[in-house]
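Please keep the sequence and the 3D view open while going through the points.

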Amino acid sequence: MPIKQRTTSDRTLTSDQQQRIIAAANILRNGGTVAFPTETVYGLGADATNPAAIEKIYRIKQRPPNHPLIVHIGNITDLDYWAQAIPESAWKLAQHFWPGPLTLILQRSRHIPDCVTGGQNTVGIRIPAHPVALALLQALGTEKALAAPSANRFGRISPTAAFHVQQQLGSDVDMILDGDTCSVGLESTIVSFHDQSPKILRPGGASAATIEAVLGVPVELAHTSQSGIRTSGSLPAHYAPNTPLRLVQSTKIWQQAQALADQNQRVLVMTWSTVAQQQSTNPLIVHCPMPSNPLIYGQCLYARLHQFDQAAFDVLLSEAPPDHPDWLAIADRLQRASHHFIGNNQNIHHEHTK
Ligand code: TXA
Ligand code: MG
């Protein structure tokens with residue numbers, strides 16, 4: 001393959017993994033579904049050229065049919081097979097980031113069926129940086145690609161380990177390929193070239209600063225209501241744990257935890273700063289210190305939320321993240337995960353910048 005590998009997951013596949021990948025490719029060619037690891041989150045894949053297989057993804061995910069899917073390809077030279085009228089700046093980003101956590105929204109070619117794009121004339125495309133995903137794409141062969149949303153039910157937390165997929169989707173999916181824990185842990189950054197000047201539709205694994213540095217121009221962060229483009233990840237409530245999650249400012253979080261414990265609620269407190277370090281020994285309050293480095297925080301956020309959902313907490317309190325570009329994707333996911341408590345979030349002032 002002429003593309004470079006740039007991830008920590010640059011390891012050789014075992015023969016058992018190779019056999020499972022061949023079996024997975026057969027399932028996909030026969031119109032089945034396979035959950036597979038990427039560096040961001042696990043995807044729920046189907047043959048992008050097979051409408052009946054795509055239909056299965058929507059059914060398993062319980063996702064509304066007008067929400068488009070990302071198409072995963074194995075080689076940058078295939079980009080103009082799946083998309084057309086590709087701007088020079090999109091090629092630049094692809095060259096820089098792929099394989100990696102960046103999705104480009106481009107004008108679709110005739111090879112992309114309507115059901116993949118929810119009828120829109122654009123398509124989201126990326127090359128995932130995971131050896132299992134790349135080997136699967138290679139086994140699938142030419143003129144094939146993997147349409148894959150994150151392998152969770154619509155609106156729920158994305159899986160960052162094979163057992164998360166097993167817990168959420170179980171036997172609904174024909175096969176789950178295990179590729180360890182995802183190294184990025186948050187979804188790809190989505191950059192749209194829909195109206196010529198690039199816009200970030202969803203912050204994610206590729207930083208806005210690097211995107212701007214590669215393009216040499218500032219890049220706007222779009223809001224769905226302005227762009228008019230349907231992106232399910234940009235609904236206000238998304239990525240939500242089953243347990244209610246509230247975002248609380250650093251100086252108030254322990255006070256709020258105590259008030260809830262006084263009402264006999266079991267509270268989980270997630271903090272990242274020294275300001276909010278443990279201030280209670282109440283047995284109803286459990287403290288989870290999170291990393292203060294946003295890359296490491298991002299890697300483990302979903303895994304923690306999955307874990308807390310398995311425990312019997314009444315409420316999760318999360319310290320508000322710093323108002324800093326490096327925390328953009330984390331802040332975005334926490335805001336959406338806590339949407340049902342938006343009344344509480346409005347009072348958050350970002351006291352810490354890092
Ligand atoms: O990291 C990721 O991007 C993961 C892995 C599996 O690749 N995939 C992922 O897919 O997060 P999903 O479906 O959960 O989120 C993809 C987002 C959705 O919000 C979808 O609406 C948006 O991408 N999207 C896909 N095609 C689009 C298009 N043509 N125009 C605008 N948004 C699009
Ligand atoms: Mg998703």
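The points below take up salt bridges, a strand and its neighbours, a pair of helices, and some backbone details.

1. The structure is a predicted model.

2. Salt bridges in general. Side chains of opposite charge can pair when their charged atoms come close. How many salt bridges does the structure hold? There are eight of them, and some are described in the next points.

3. A pair within a helix. In helix H2, which spans residues 51-61, Arg 59 and Glu 55 lie four residues apart, about one turn of the helix. The two form a salt bridge, with 3.9 Å between the closest N and O atoms. Arg 59 is exposed, its relative accessible area being 55%, whereas Glu 55 is partly exposed at 43%.

4. A pair with a buried arginine. Arg 108 forms a salt bridge with Asp 114, and their closest N and O atoms are 2.6 Å apart. Is Arg 108 buried or exposed? Its relative accessibility is 15%, so Arg 108 counts as buried, the cut-off for that class being under 20%.

5. A pair between two loops. Arg 153 and Asp 172 meet through their side chains in a salt bridge of 3.0 Å, N to O. Arg 153 belongs to the loop between strand E7 (146-147) and helix H7 (162-169), and Asp 172 to the loop between H7 and strand E8 (175-176); the pair therefore ties together parts that are 19 residues apart in sequence. Arg 153 counts as buried, with a relative accessibility of 18%, while Asp 172 counts as partly exposed at 39%.

6. A network. Glu 187, Asp 332, Arg 333 and Arg 336 are joined into one network by salt bridges that share partners.

7. Strand E9 and its neighbours. In a regular strand the side chains alternate between the two faces of the sheet. Strand E9 (residues 189-192) is covered on both faces: Thr 189 and Val 191 are buried on one side, and Ile 190 and Ser 192 are buried on the other. E9 is joined by four bridges to strand E5 (residues 102-108), and these two strands run parallel; Leu 102 has Thr 189 of E9 as its bridge partner. Three bridges link E9 to strand E10 (residues 199-202), and here the strands run antiparallel, with Ser 192 opposite Lys 199 of E10.

8. Helices H4 and H8. Two packed helices are described by the angle between their axes and the distance between the axes. The axes of H4 (residues 88-97) and H8 (residues 208-215) come within 10 Å and cross at roughly 125°. The two helices are therefore oblique to each other, and the crossing is right-handed. On the H4 side, Ser 89, Lys 92, Leu 93, His 96 and Phe 97 take part in the contact, and they meet Thr 210, Ile 211, Val 214 and Leu 215 of H8.

9. Backbone details. Most residues other than glycine have a negative phi, and most peptide bonds are trans. The peptide bond from Trp 98 to Pro 99 is cis, with omega near -5°, and Pro 99 sits in the loop between H4 and E5. Glu 143, although not a glycine, has a positive phi of about 60°; Glu 143 is placed in the loop between helix H6 (131-140) and E7 and counts as exposed at 54% relative accessibility. Asp 180, also not a glycine, has a positive phi of about 65° and is found in the loop between E8 and E9.

Methods:
Residues numbered from 1 in each chain as written. Chains lettered and ligands numbered in written order. Predicted model: local features only at pLDDT ≥ 70, side-chain atom pairs only at ≥ 80, totals over all residues. Heavy atoms only, no water. Salt bridge = Lys/Arg side-chain N within 4 Å of Asp/Glu carboxyl O. Buried < 20%, exposed > 50% of the residue type's maximum accessible area, 1.4 Å probe, protein only. Pairing = 2+ DSSP bridges. Axes fitted to C-alpha atoms, helices over the stretch in contact; angles between N-to-C directions. Parallel < 35°, antiparallel > 145°, perpendicular 65-115°, else oblique. Left-handed = near helix turned anticlockwise from the far one by under 90°. Contact = heavy atoms within 4.5 Å.
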